[in-house]
Amino acid sequence: MKRIAAITMVRHDELFLSLWIGYYSREIGAENLYVILDGEDLEIPDQKGVHFEKVPHRVLPVAEGDKARINLINEKARQLLEVYDIVIGCDVDEFLVLDPKAGTSLSQYLSEKKIRVSLSGLGLDVGQNLHTEQAYQPEKNVLEQRHRAVLSTRYTKPVVKVSPAAWGAGFHRIKGHNFHIDKNLYLIHLGCFDYAYMKQKIASSGRLKEGWEKHFNKRIRTIRYVTDLRAASERRLRTARLLQTVFRPPYAWNKPSMFGLHWVVTLPERLKDIL
């Protein structure tokens, strides 16, 4: 088995941090999780084994803030790769999930993969169907309560890496390197999984004052898509994976493209017990 670490950075997002720590603790062990707390005013959660580090919070425009955060994470990942074989880096609302049909654990699967630089899962942007799904209930698995996702190139990210090659802002690319989308991996994004939580977060976070209004409006589109558009079957996943592997946007050869298509897919039933 290879040594695997996971790293994220968070500010005022206790729900997602709890989900992130719970999921990755089960998959790779709490002692291999590294969380950068964005603000010296933040309290360190009572999570045994997890490594926490505080940094001063800086009020920056969105793009500049994204670059500053990824620079911190890249440096931390470089240090971790002196000890670990693999580092998973992602936002606190993102979860690298192995399809149960692979018949093994995430850690075993990654240990057996031949990874040259990085590895990507197919991006699934999960949203709440306002016609059929109730507000999130914490006592149940998220994917028991949410059944649709947008097939999003935005979340097909090279979150797994074995080299200190740098992530671009938001983990959307590895600078100077192509990416490989694994046939059994998904990157599940939960930022839009509950409309009421999103509204509460927008109102209380103060981030609108920091230029995040456009960002949040983009996220709300996911809820509109999963609510209003017809959902395709699981077979659409293979098509999307092929498109994203072959095609690139003109402005970035090392990012995937789907020509602006917004495909909604019904999540495979076998994923519901994972997260």
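Predicted model: local features only at pLDDT ≥ 70, side-chain atom pairs only at ≥ 80, totals over all residues.
In soluble globular proteins, nonpolar side chains tend to be buried together. The largest nonpolar core of this model holds 60 residues, and the members that touch the most others are Trp20, Tyr24, Leu96, Leu110 and Leu190. Helix α1, residues 14-28, gives the largest share of this core, with eight residues.

Leucine 96 illustrates how parts of the chain come together. With neighbours within four places in sequence left aside, leucine 96 is in contact with Tyr23, Tyr24, Ile88, Leu106, Leu110, Gly121, Val159, Val160, Leu185, Tyr186 and Leu187. Two of these partners, Tyr24 and Leu110, are also listed with Leu96 among the core members that touch the most others.

## Aromatic pairs

The model contains ten aromatic pairs. A pair of aromatic rings is described by the distance of the centres and the angle of the planes. For phenylalanine 16 and tyrosine 197, the ring centres are 5.6 Å apart and the planes stand at 90 degrees; because angles over 60 degrees count as edge-to-face, this pair is edge-to-face. The pair joins distant parts of the chain, since phenylalanine 16 lies in helix α1 and tyrosine 197 in helix α5 (residues 195-205), 181 residues apart. Phenylalanine 16 and tyrosine 197 are both buried. Together with Tyr136 and Phe193, Phe16 and Tyr197 form one aromatic cluster.

A second pair lies within helix α1 itself. Tryptophan 20 and tyrosine 24 have ring centres 4.9 Å apart and planes at 50 degrees, so this pair is tilted. The two residues are four places apart in helix α1, which means that about one helical turn separates them. Tryptophan 20 has a relative accessibility of 0% and therefore counts as buried. Tyrosine 24 is likewise buried, its relative accessible area being 0%.

## The second largest pocket

The largest share comes from α6, which contributes six residues. By residue type, the lining of the second largest pocket consists of ten nonpolar, nine polar and six charged residues.

How values were computed: Residues numbered from 1 in each chain as written. Heavy atoms only, no water. Nonpolar A, V, L, I, M, F, W, Y, C, P; charged D, E, K, R; others polar. Core = buried A, V, L, I, M, F, W, Y, C linked by side-chain atoms within 4.5 Å. Buried < 20%, exposed > 50% of the residue type's maximum accessible area, 1.4 Å probe, protein only. Contact = heavy atoms within 4.5 Å. Phe/Tyr/Trp six-rings, centres within 6.5 Å; stacked < 30°, edge-to-face > 60°.
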